[in-house]
Amino acid sequence: MKHEHDTSEELDPLVHALRRAAQVEREPLGLQAAVLARLDEPEREARAWMRGRVWALAAGIAAALLIGAFLASRPAQGPTPELAGPVPKTAPRAPRRVLPRELVPETALRAELEGLGRDTRAAARFLIARARLGPATRGS
Amino acid sequence: MEARGPEPACEELARAAQAGSREAYGELVLRHEGSLVRFLRGRAANEADAEELAQEAFLRGWRKLEQYDPSYRFSTWLFTLARNLAISRARRRRAEPEGEESLAAVPVHASPPLLAARREESEGLWSLAERVLTREQHEALWLRYGEDLAAEEIGAILGKRAVAVRVLLFRAREQLGGHLERAAARASRQEGDVLVSPREVWS
């Protein structure tokens, strides 16, 4: 680890003065004992850090439990089954009967189209579909 | 200026400390404490603060010792670590007005010239350097003439290129020398003495 020494530096009396003055500045100040006494501090710090982590984790779990309990205690949306009474039973729907294409009454369709007063595609599609479903669903 | 010859080199001591020797680390602390405190003076509010900062740096050094590569100078590693510590602490204290304030910002000619010259005589050259130079100039100057580090090593510590360090050192010497000459001239005018350059006095 050889260092260069600039010639102009070595000729400068200020540099020599700085080097001489540095000898005094480098004198030990008595920090050694204090530093050696504190060398174990990192371990203490690490333990403190771990304690902090454990406390933070415990606080997080407690907060989660509190939120859970609060949410569980809230009334459910809508009336409870007891208040609403028995669920009304609806009659099972009859299966839809689909008429074969050849059985769609064309005359009735035409009459209905005329009755609507307009011949739109939407109306036609609706009527044809209804006609195909048959008389069981027509009235519903 | 690390111990050579019969005494083990700092790098050898650091290797022993890496193996767990507190005694070796204690020796490293003893060798570097004064120098480190001087280096950190520009980044501390006062001497006690600089000593506290140096202690913290040594403790951090002990914790991170496994990261040190003994093929490099121990002092370079230690001073880099200490400087980074000082910077991060200054960041934390930024809210405090005196935190980042360098003592170099104190006006040089706050007192009458003769008084200033006498104070400079008594306070020591390095304290004067700390007062009249910028913090960076003072740090570079100390690492060069106090620690005898090369420009490349100083650059590694200060985060600068070697060329920039040489320029920094040149300007620091010029500024300090110029200040001393002006102070001497003022003093001689006050006392009616013959003007003698401080560079001549110190040589």
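Helices here are DSSP runs of H or I with at least four residues, strands are runs of E with at least two, and both are numbered from the N terminus. Because 15 of the 19 residues of α2(B) are buried, this helix is largely enclosed by the rest of the structure; buried means under 20% relative accessible area, exposed means over 50%, and partly exposed lies in between, with a 1.4 Å probe and protein chains only.

This is a predicted model, in which local features need pLDDT of at least 70 and side-chain atom pairs count only at pLDDT 80 or more, while totals for chains, interfaces and linings use all residues. Residues are numbered from 1 along each chain as its sequence is written, chains are lettered from A and ligands numbered from 1 in the order in which they are written, and side-chain values use heavy atoms, with hydrogens and water left out.

## Chain B as a whole

Chain B contains ten helices and zero strands, and 54% of its 203 residues count as buried. Among the contacts in chain B between residues at least 6 apart in sequence, 62% join residues at least 24 apart, a contact being heavy atoms within 4.5 Å.

## Helix α1 and its buried side

In helix α1 of chain B, which spans residues 10-18, the residues B:Cys10, B:Glu11, B:Leu13, B:Ala14 and B:Ala17 are buried. They lie on the same side of α1(B), because they cover an arc of only 160° around the axis, the arc being that of the directions from the helix axis to the C-beta atoms. The buried residues of α1(B) pack against α2, α3 and α4 of chain B, and just after α1(B) the residue B:Gly20 takes a positive phi of about 110°.

## Aromatic pairs and the nonpolar core

Over all chains, the structure holds six aromatic pairs; rings of Phe, Tyr and Trp (its six-membered ring) pair if their centres lie within 6.5 Å, and planes under 30 degrees apart count as stacked, over 60 as edge-to-face and the rest as tilted. One of them is the tilted pair of B:Tyr25 and B:Trp62, with 5.2 Å centre to centre and 55° between the planes. This pair links distant parts of the chain, since B:Tyr25 is in helix α2 (residues 22-40) and B:Trp62 is in helix α3 of chain B, 37 residues apart, and both B:Tyr25 and B:Trp62 are buried. Another tilted pair is formed by B:Phe74 and B:Trp77, at 5.8 Å centre to centre and 45° between the planes. These two residues are separated by about one helical turn because they are three residues apart in helix α4 (residues 74-92) of chain B, and B:Tyr68, B:Phe74 and B:Trp77 form one aromatic cluster.

The largest nonpolar core has 62 residues, and those with the most contacts inside it include B:Tyr25, B:Leu36 and B:Phe74; such a core is a set of buried Ala, Val, Leu, Ile, Met, Phe, Trp, Tyr and Cys residues joined through side-chain atoms within 4.5 Å. Not counting residues up to four places away in sequence, B:Leu36 touches B:Ala54, B:Ala57, B:Phe58, B:Leu78, B:Phe79 and B:Ala82.
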